[in-house]
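User: Hi! Could you walk me through this structure with a few questions and answers?

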Amino acid sequence: MDVKVTLMKLTFYGQNCFHIALQDKQLLVDPFISDNPLSKDKVAIDSIEADYILLTHAHEDHVLDAEAIATRTGATIVSNYEIAMYYQQRGIEVHPMNHGGKWQFDFGVLKMVQAVHTSSFADGTYGGQPAGFVLSADGHTIYIAGDTSLTYDMKLIPMHYQIDVAILPIGDNFTMGIDDAVVASNFIECDQIIGCHYDTFGFIEIDHDKARNAFDQAGKTLHLLAICESFTVA
Ligand code: NI
Ligand code: MN
């Protein structure tokens, strides 16, 4: 199969929020900006463009701005069934998925994979089970782990995909910490890691040098992007 390879540009908006610019479409992952102390003054939230908003789970630090951005842009929310129905009731276009399922979208193929965490909305509404995504588009494949512990299921991912870049949580306390994230990068057989879910709150502050060194020791690179900094998957 011939796949035209073009650049995939990832821009970090704090916590687990990334904008993904593809050849023809724009995706936004886990928008949490307006109440994020690290990004609320740096990200022009009203100019973010999105055709799709991917939500890994229902926690506030992942979905806070999803409804407003989807309403403004007309973006389709892609998430688990329960989260999709929650937003559909609010008049938003949705695409429900569940673990193990993949779908050929107009931007590429998205697969929903396991994450070990919890998922409820701020008002207590059940938010289904948390997930990660494997995104294949424009000749690249990335893994967006979402909030998760290290899990042996990650070993299933490289059976089907060669992951170019992985976005892994590294802040510990609520998710994997650095040591487990290094093991995760081995499980998924990926050397280029973008860290997320760190420094936003007191519980998840990390030592950046220590984190980079841990990945260096494993022969891998940990990228800690500044807010609004972009990373190009070439
Ligand atoms: Ni969470
Ligand atoms: Mn979180």
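User: Happy to start with the sheet: in what order do its seven strands run?

Analyst: First, a word on the basis: this is a predicted model, where local features need pLDDT of at least 70, side-chain atom pairs count only at pLDDT 80 or more, and totals for chains, interfaces and linings use all residues. Residues are numbered from 1 along each chain as its sequence is written, chains are lettered from A and ligands numbered from 1 in the order written, and side-chain values use heavy atoms, without hydrogens and water. Strands here are DSSP E runs of at least two residues and helices are H or I runs of at least four, numbered from the N terminus, and two strands pair if DSSP finds at least two bridges between them. The sheet is open with mixed pairing, and its order is β6-β5-β4-β3-β2-β1-β14.

User: Which strands stand at the edges?

Analyst: An edge strand here has a single partner, so one side of it is left without a neighbour in the sheet. From one strand to the next, the twist averages 20°. The edge strands are β6 (94-97) and β14 (230-233).

User: What angle does helix α2 make with β4?

Analyst: Helix α2 (residues 66-73) packs on the sheet, touching β3, β4 (52-54) and β5 (76-80); contact means heavy atoms within 4.5 Å. Axes are lines fitted to C-alpha atoms, for helices over the stretch in contact, and angles run from 0 to 180 degrees between N-to-C directions. The angle with β4 is about 165°.

User: Which residue bridges the nickel ion (ligand 1) and the manganese ion (ligand 2)?

Analyst: The manganese ion is coordinated by Asp61 (OD), His62 (NE2), Asp147 (OD) and His197 (NE2), at 2.1 to 2.2 Å. The two ions lie 3.0 Å apart. The bridging residue is Asp147.

Note on methods. Donors are N, O and S atoms within 2.8 Å of the metal (3.2 Å for Na, K and Ca); water is not among the atoms, so sites may look incomplete.
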